[in-house]
Amino acid sequence: MNLILFTDKFPYRGSSAERALIMPELELLSSRFDHVVIVPDSADGDVERQLPVGIDLLPLFGKGCQAGSLKSILSRHFRKYCELRTGAAERRFVSGAVRKSDIIKRWIDAGSVNLSDTLFYTFEFSDTTAALYLVSLDKPLRIVSRCADPVSVLNGQSRIRRDTMAALTGCFAENYDEEAPCRYSNIYKASLGSVKTDAEVMAPHHIRADRKVSFISYAGDKAAAERIALFMPLLKALAVARRDTQVRWLILAGSALAEGIGGVAADMPDNFTVEVRRVDVPDGGASVYRVGASDWFVDLGGSGWRYIPVYEALSYGVPVITCAGAGLDTVVDDDSALILSPEPTVEEFVRGIAPYLDSDFRMSGMRDAAAGRWRKEYDAAVARRGFVNKIVNL
């Protein structure tokens, strides 16, 4: 059987996101499928990396595939899925789907794809997934897709997204409760996991005698950046309550966000410091964990592949601070995380974290539980193997 993998970019040159996202799957995929073709939205023309045997790269889409065109706007699919009240972003999504579907259909018609022996896979639910759905209305395609947040696709989104979701052979969600009632039975939980090359290394941390505690967060999008305001009063209150303790909060943020959140630390106690550091990939904290002391990962939520930084923190034995209902319910538990109420109070936070500041034994147990959870469920080598087995057996 053959597999055609659609993704936004390949390779992720100069970025460790390549290790965290697509690369861990390629060797597994090549061992289970006769032939794998990677079709990126954009590709580096000079692919220096030696791909595993049985994997080829095909830049099928040119620039502007997501832009509107007279042909796509006049198509029956565009007219069906776009109404007067449809927003500009969604119109671009539909237009991109229509244009890509035309390219894919012509590629199939040219005899390049044997549909009876091919599985189509989109690395993220996108307009390419919708394009494959449009093609499947005329041709028998088997389509699977990853989806960071299927709830956002199922609730309140446009009809083309819902129709696409319903047509998938399987949708594999990063974090999804398979027991929850849902009108779609084709959604499965399948974690991406994270890669950790130095598997025996734990992040340095502060012991009680240090009178220090450090927190780390990743702000991957605007929604995550806005949640800084939720945790800032909590950490500030901790510094006030523990005047003899140095409190440090390191916020990793993409270049587009770092400048905007750089001024968040105003009117702070002299034992509380906040640093905003630019990173451009989800797993950009690896070097931080190896070198600097990291006691807690503060989950800011957000969208997209928000779980990658959480997995990475766990892999280095850094427990998580999150709020109930924030989407991490099935990722962490009370042994590996401090789980606060949806709208935590200052008193709740300070009292909740105090036992771990006062006992190295309790903190060591939390760190061991965090690392153990990663090894059992979120090591990419384990998580991806289960996913590949699922799509092979569909």
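1. R367 lies in helix α15, where helices and strands are DSSP runs numbered from the N terminus (helices H or I, at least four residues; strands E, at least two). This is a predicted model, in which local features need pLDDT of at least 70 and side-chain atom pairs count only at pLDDT 80 or more, while totals for chains, interfaces and linings use all residues. Residues are numbered from 1 along each chain as its sequence is written, and side-chain values use heavy atoms, with hydrogens and water left out.

2. R367 is buried, at a relative accessible area of 5%; buried means under 20% relative accessible area, exposed over 50%, and partly exposed in between (1.4 Å probe, protein chains only). Leaving aside neighbours within four places in sequence, R367 is in contact with M202, A203, H205, S294, Y316, G317 and P319, contact meaning heavy atoms within 4.5 Å. One of these residues, A203, has its backbone oxygen reached by the R367 side chain at 2.7 Å. The C-alpha atoms of R367 and S315 are separated by 9.6 Å, and the two residues are 52 apart along the chain.

3. S315 belongs to helix α13, which meets α15: Y311, L314 and S315 in α13 touch A370, A371, W374 and Y378 in α15. By class, this contact has six nonpolar, one polar and no charged residues. The classes are as follows: Ala, Val, Leu, Ile, Met, Phe, Trp, Tyr, Cys and Pro count as nonpolar, Asp, Glu, Lys and Arg as charged, and the others, Gly among them, as polar. The axes of α13 (residues 307–315) and α15 (residues 360–378) come within 7 Å and cross at roughly 120°. Axes are lines fitted to C-alpha atoms, for helices over the stretch in contact, and angles run from 0 to 180 degrees between N-to-C directions. α13 and α15 are therefore oblique to each other; angles under 35 degrees count as roughly parallel, over 145 as roughly antiparallel, 65 to 115 as roughly perpendicular and the rest as oblique.

4. How many residues of α13 are buried? Nine of its nine residues are, and the helix is mostly covered. The buried residues of α13 include the charged-class E312, as well as Y307, I308, P309 and V310. After α13 comes G317, with a positive phi near 75°. G317 is also among the residues in contact with R367.

5. Helix α15 has another helix partner in α14 (residues 346–358), with axes that come within 5 Å and cross at roughly 105°. α14 and α15 are therefore roughly perpendicular to each other. On the α14 side the contact is made by P355, Y356 and D358, and on the α15 side by D360, R362, M363 and M366. These residues divide into four nonpolar, no polar and three charged.

6. Helices α6 (residues 127–136) and α8 (residues 159–167) pack at an angle of about 70°, with axes 9 Å apart. They are therefore roughly perpendicular to each other. The crossing of α6 past α8 is left-handed, meaning that the near helix is turned anticlockwise from the far one by less than a right angle (right-handed if clockwise). T129, A130 and Y133 of α6 make the contact with I160, D163, T164 and A167 of α8. Four of the contact residues are nonpolar, two polar and one charged.

7. R161 also sits in α8. Is R161 buried or exposed? R161 is buried, with a relative accessible area of 17%. Apart from neighbours within four places in sequence, R161 is in contact with E90, F93, F125 and V153.

8. S145 lies in strand β5 (residues 143–147) and is buried, with a relative accessible area of 0%. Its side chain makes a polar contact with the side chain of T122 at 2.7 Å. A polar contact is a pair of N or O atoms within 3.5 Å; within protein, one must be able to donate a hydrogen and the other to accept it, and residues adjacent in sequence count only if both atoms are side-chain atoms. Not counting residues up to four places away in sequence, S145 touches Y121, T122, E124, F125, T129, L168, G170, C171 and F172.

9. R211 has a positive phi, near 55°, in a residue other than glycine. R211 is placed in the loop between β7 (187–189) and β8 (212–219), and at 45% relative accessibility counts as partly exposed.

10. For the protein as a whole, there are 16 helices and 13 strands. Of its 394 residues, 51% count as buried. Among contacts with a separation of 6 or more, residues 24 or more positions apart account for 71%.
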